[in-house]
Amino acid sequence: MREALSLARSAECLGEVPVGAVVVSEGKIVGRGFNSPIGEHDPTAHAEIAALRDAARHLENYRLPGCELFVTLEPCAMCAGAILHARIARVIYGARDLKTGVHGSVVDLFAVERLNHHTEVVGGVLAEDCAQLLSSFFAGRRAKREQ
């Protein structure tokens, strides 16, 4: 999760919402990503998607069975879909996302029994660090708007 936090700080330096993600296979990081939808002009350029793409290229497989995804923020619906399609075994996230999170904050897509793949999800890992990074980022944006 600390590497995901480092990647989130990279996103922040570029003016992006600070979210970072890593994919781990057999104890080694095989994929890295951070938010970049503004810079890439791409609404799908979320940290999780970037990390999944990087891991898939590295492992030369669009399926990532047995892999874990560490992400600083609870996944959204788009990212949850990609996680399920990639067959990620486990997602570990930091802060909850009360506006778009789909591990129970808004809905729980990971608990839908009819889906053909089920991913274990663990939330709250380094939650305070992850939440503080996001809170500081948005406080800074609000302060700039008020000037």
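Six of its six residues are buried, so E1 is largely enclosed by the rest of the structure; buried means under 20% relative accessible area with a 1.4 Å probe, protein chains only. Bear in mind that this is a predicted model, where local features need pLDDT of at least 70, side-chain atom pairs count only at pLDDT 80 or more, and totals for chains, interfaces and linings use all residues. Residues are numbered from 1 along each chain as its sequence is written, and side-chain values use heavy atoms, leaving out hydrogens and water.

Now show the E1 side chains. Gly20, Val22 and Val24 point one way, while Ala21, Val23 and Ser25 point the other.

Zoom in on Val23, and you'll find Gly31 of E2 opposite. Then click on Glu26, in the hairpin of E1 and E2: there are two residues between the strands, and Glu26 has a positive phi near 50°.

What about E3, residues 68-73? This strand runs antiparallel to E1, joined to it by four bridges. Look for Glu68 of E3 opposite Val24.

Last stop: helix H5, 127-146. Both H5 and helix H2 (37-40) supply at least two residues to the lining of the largest pocket, and H5 gives the most, with four.

Methods
Buried < 20%, exposed > 50% of the residue type's maximum accessible area, 1.4 Å probe, protein only. Pairing = 2+ DSSP bridges.
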